[in-house]
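Me: Please set out the structure below, so that it can be discussed through questions and answers.

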Amino acid sequence: MVLRDPSRQSAATVADDSATSRRALSRRSLLTGVAGLAALGGVAACSTSDPLVPRDAANVGGDDRLPVQTDPPEIPNDRPVLTGSFVSTKMAGRDARWAVSRPNGVTGELPVVIVAHALNTDERSIFSKALNIQGVVQQYVDAGNPPFAVASVDVARNYFHARTDGTDGAAMIVDEFIPMLDGDQRLNLRTDRIGLYGWSMGGYGALRLGALIGAPRVAAIAVSSPAMWADPANFPPRAFDSYADYQANSLFGQQHAFSKIPLMISIGMADQFYTYTRQWAADLHPPAAFSTTPGGHTNRFWRSVLPDQVEFLGRNLAR
């Protein structure tokens with residue numbers, strides 16, 4: 001695995017990346033897409049002059065649409081995963097299912113990493129055999145490192161912002177899930193400083209949550225293959241309801257929100273979101289830890305980078 005600091009690339013690499021960026025996205029369209037995002041928590045009102053979602057927008061992308069789970073993910077039973085649910089007003093009154101894992105052999109209050117899941121997955125997916133984050137955390141703790149818990153909650157297909165169907169996954173996590181974690185004595189978690197992790201749709205979600213909550217409460221963020229669209233004229237309605245919705249919730253132009261939050265970004269070279277992610281990361285100051293290896297938008301890639309991400313999150317949570 002190669003860790004790259006965007007500020008230390010060679011002149012040839014920078015020139016090559018710049019040429020790729022110009023082909024993928026004009027500067028004018030990028031600036032248009034980030035206008036009006038002063039308040040991440042809100043959704044801008046639509047007007048009759050707003051551009052409409054492109055007619056073929058439903059076919060834009062595809063890598064964020066993972067295969068639909070027909071059965072609940074199977075979770076290894078060597079490390080217990082506690083589950084539950086609560087009625088969420090932020091999710092239009094539906095039950096929000098959650099799952100939490102604490103490492104074996106550890107007692108007392110623990111800090112927690114909040115996981116934002118991918119599209120067509122749920123709160124159990126990060127604990128499944130395919131990803132098994134609890135096993136990675138256990139190895140990290142067994143090596144003598146400070147322990148932490150992992151918690152995830154189901155946002156369905158919400159994309160972590162207010163939608164026209166009345167749901168808002170990010171608000172549910174901030175206003176309902178995190179307070180629930182803090183108040184449940186069985187879990188024995190502290191939420192004054194948290195870590196954030198997400199992949200695909202959840203990669204975008206973890207970043208958006210980080211911008212909403214901010215430092216110093218967010219100790220660190222690690223994301224894999226964040227699903228981000230840099231072109232305001234070319235996004236799918238599964239991610240944003242309208243052009244105004246894109247303007248209100250795109251993270252392009254919001255890199256300043258991460259200036260005091262340690263950030264690690266991992267993405268495969270064959271990933272559809274590679275170019276957009278590089279563009280977004282190039283405007284981070286200070287730069288993120290940016291890791292890239294051959295790979296695509298797959299569990300195989302995400303599992304391969306989890307040990308480094310767990311170490312990054314644990315190290316920053318312990319500070």
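Me: Leaving aside neighbours within four places in sequence, which residues are in contact with I114?
Reply: Contact here means heavy atoms within 4.5 Å, and the model is a predicted one in which local features need pLDDT of at least 70, side-chain atom pairs count only at pLDDT 80 or more, and totals for chains, interfaces and linings use all residues. Residues are numbered from 1 along each chain as its sequence is written, and side-chain values use heavy atoms, with hydrogens and water left out. With neighbours within four places in sequence set aside, the residues in contact with I114 are A151, I173, F177, I178, L181, I194, G195, L196 and Y197.

Me: What end-to-end distance do the C-alpha atoms of helix α5 show?
Reply: Helices (H or I, at least four residues) and strands (E, at least two) are DSSP runs numbered from the N terminus, and the expected span of a helix is 1.5 Å times one less than its number of residues. Because α5 (residues 201–213) has 13 residues, it should span 18 Å, and this agrees with the distance between its end C-alpha atoms, which is 18 Å.

Me: How many residues of α3 are buried, and which elements are included in what covers them?
Reply: Helix α3 (residues 133–142) is mostly covered, with eight of its 10 residues buried, and these are I133, Q134, G135, V136, V137, Q138, Y140 and V141. The elements that cover them include β2 (81–87), β3 (95–101), β5 (149–153) and α8.

Me: Is N120 buried or exposed?
Reply: N120 is found in the loop between β4 (110–116) and α3, and its phi is near 65°, a positive value in a residue other than glycine. Its relative accessible area is 14%, and therefore N120 is buried.

Me: Is A156 buried, partly exposed or exposed?
Reply: A156 lies in the loop between β5 and α4 (169–183), and it too is a residue other than glycine with a positive phi, near 55°. Because its relative accessible area is 32%, A156 is partly exposed.

Me: Where is P286, and what is the omega of the peptide bond from H285 to P286?
Reply: P286 has its place in the loop between α7 (274–282) and β9 (289–293). The peptide bond from H285 to P286 is cis, with omega near 0°.

Me: How far apart in space are K260 and H285, C-alpha to C-alpha?
Reply: K260 lies in the loop between α6 (243–249) and β8 (263–268), and it is exposed, with a relative accessible area of 71%. K260 and H285 are 25 residues apart in sequence, and their C-alpha to C-alpha distance in space is 9.0 Å.

Terms used. Buried < 20%, exposed > 50% of the residue type's maximum accessible area, 1.4 Å probe, protein only.
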